[in-house]
Amino acid sequence: MRSSKLYILDTNVLLHDPNCLIEFKEQDIVIPMTVLEELDSIKDRKKNVAQEARIAIRAIDRILSQAASPEEISGGVQITLPTPDPDAELGKLSIFPDHELSMRKGFLPDHNNNDNHIINCALHLQSIYPDRQVTLVTKDINMRLKALGAGLKRVEDYRTDQLISDLDLLTPGYHKIDGNFWDQVAEVKTEQERGHTFHRLARGVLPDTYLNEYIFDDEGFAARVEEVGEESVTLLDINQQFLLDQQCWGIKPLDLPQSFAMDALTDPNIDLCIINGAAGSGKTLLALAACLEQVIEHKRYNKIIVTRSTPPVAEDIGFLPGTEEEKMTPWLSAIQDNLEAMHEGDEQPHSSIKYTIEKANIQFKSLNFIRGRSIQEALVLIDEAQNLTPSQLKTILTRCGKGTKMICLGNLAQIDSNYLTPLTSGLTYIVERFKDYEGCSTIHLQSVVRSALAEFAESNL
């Protein structure tokens, strides 16, 4: 039986989630020829999205290779899972030759504009299938507006990978208990182990808690969730004053959220630390200070690899003279700024910074060259992670080898990507996906400590 719904996919949907073809369940999917041409032009570029383009092309080929004739490809080929599942109900995939459409009344003008080609394709399918719900799916906000203005009845964003409906639901990584925490505990079992104090209490006291969440109250109590069972929760007791007295490379936390972040950054049992927060909240400074402390003072890791994603960095870093580190340095000036802040009191700050970079073996790497690597015994600092898609962050996180810790920093209010929103950002995605992973800690920094001007700008602009 033919599906009542028909989805036309834009190129950016396939780049955002190369495996999206199986996410529409029993509904049919159409890919305009223009989309295939765009994927073809992207797959050979030296961009972060090139790999996503190649994965999407292979996924399309895997399905369409079952067809015996061009007519079958135009009519629709049954979508199958990579691992066959007899219970899966999936629709059909077809390719529409939108380049054969001639201009008609209601079509958008053809000025070699690929978006217009795809919208015209959707309008054509809407006219020939009046009994079906023809829907254009695109991550491009302006394209959605143009399609609605041109007369397309249904236009949607791709939200299958959106794990939360509101950014306010994103976990901050800590939970404040009003008053005295122990006043709410009827029964507790306390044990001393490995020089630490653990409290086991009923799950009902903290019903919605998760692993590595920090708990604190107004009376100086602070703890981290170590274990979550069906009936009990185990807390690692950490005094608030102890957290605030921490110090890494001369940097001390200014408030409790910063102290939670520093504790997670320096804990060798946590191999993924996610810190998000407003501009000027101290994300990079805390992370860099913790990295230097662990590499130089404690020698837990052999090197620090620093990388970030912005639209210019996504392009090829070029063939002009200079090493990869020299070409990446302008884009990683935030690291240089924080190194200067940490050494501003030294007699020769420039010499101190140079010594620190060499001693800590700090390497500035392009994301293009992290793919395919297996990084061992290192701290990997990913700045501006809010500009990465879930697929891109998956690629980077799977580079983590033995003894390596990943640190993701980002500000969901400063997304530069055309196709990402705070709810669909890879940073939001991994915060939710790793919430119950014992080796992950997430901290949201709320206060702006850079300056009074920065705080006012963050709040009022």
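This is a predicted model: local features need pLDDT of at least 70, side-chain atom pairs count only at pLDDT 80 or more; totals for chains, interfaces and linings use all residues.
Local features need pLDDT of at least 70 and side-chain atom pairs count only at pLDDT 80 or more, while totals for chains, interfaces and linings use all residues. Residues are numbered from 1 along each chain as its sequence is written, and side-chain values use heavy atoms, with hydrogens and water left out.

Helices and strands are DSSP runs, numbered from the N terminus (helices: H or I, at least four residues; strands: E, at least two). Two strands pair if DSSP finds at least two bridges between them.

Strand 14 covers residues 303-308. It is mostly covered, with 6 of its 6 residues buried. Buried means under 20% relative accessible area, exposed means over 50%, and partly exposed lies in between (1.4 Å probe, protein chains only). Lys303, Ile305 and Thr307 point one way from strand 14. Ile304, Val306 and Arg308 point the other way. Strand 14 pairs with strand 16 (residues 378-383) in the parallel sense, over 6 bridges. Here Val306 has Leu381 of strand 16 as its bridge partner. Strand 14 also pairs with strand 15 (residues 362-364), again in the parallel sense, over 3 bridges. In strand 15, Gln363 is the bridge partner of Ile305, and Ile362 is that of Ile304.

Contact means heavy atoms within 4.5 Å.

Strand 10 (residues 214-217) and strand 11 (residues 222-228) pair in the antiparallel sense over 3 bridges. Ile215 has Ala223 of strand 11 as its bridge partner.

Helix 14 spans residues 390-397. It is largely enclosed by the rest of the structure, because 7 of its 8 residues are buried. The buried residues are Pro390, Ser391, Gln392, Leu393, Thr395, Ile396 and Leu397. They pack against several elements, including helix 1 (11-16), helix 3 (49-64) and helix 15. Strand 13, strand 16 and strand 17 are also among their partners.

The axes of helix 5 (residues 114-128) and helix 6 (residues 141-150) come within 10 Å and cross at roughly 45°. Helix 5 is therefore oblique to helix 6. Angles under 35 degrees count as roughly parallel, over 145 as roughly antiparallel, 65 to 115 as roughly perpendicular and the rest as oblique. The crossing is right-handed. A crossing is right-handed if the near helix is turned clockwise from the far one by less than a right angle, and left-handed if anticlockwise. From helix 5, Asp115, Asn116, Ile118, Ile119 and Leu123 meet Met143, Lys146, Ala147 and Ala150 of helix 6.

A nonpolar core is a set of buried Ala, Val, Leu, Ile, Met, Phe, Trp, Tyr and Cys residues joined through side-chain atoms within 4.5 Å. The largest such core has 46 residues. Leu9, Leu14, Leu21, Ile31, Leu93 and Leu136 touch the most other members. Leu9 touches Leu14, Cys20, Leu21, Phe24, Ile29, Val30, Pro32, Val35 and Val137, not counting residues up to four places away in sequence. A second, separate core has 45 residues, including Leu243, Cys248, Val295 and Leu381.

Asp337 sits in helix 12 (residues 333-342). It is partly exposed, with a relative accessible area of 45%. Asp337 and Leu285 are 52 residues apart in sequence. Their C-alpha atoms are 9.1 Å apart in space.

Key. Axes are lines fitted to C-alpha atoms, for helices over the stretch in contact, and angles run from 0 to 180 degrees between N-to-C directions.
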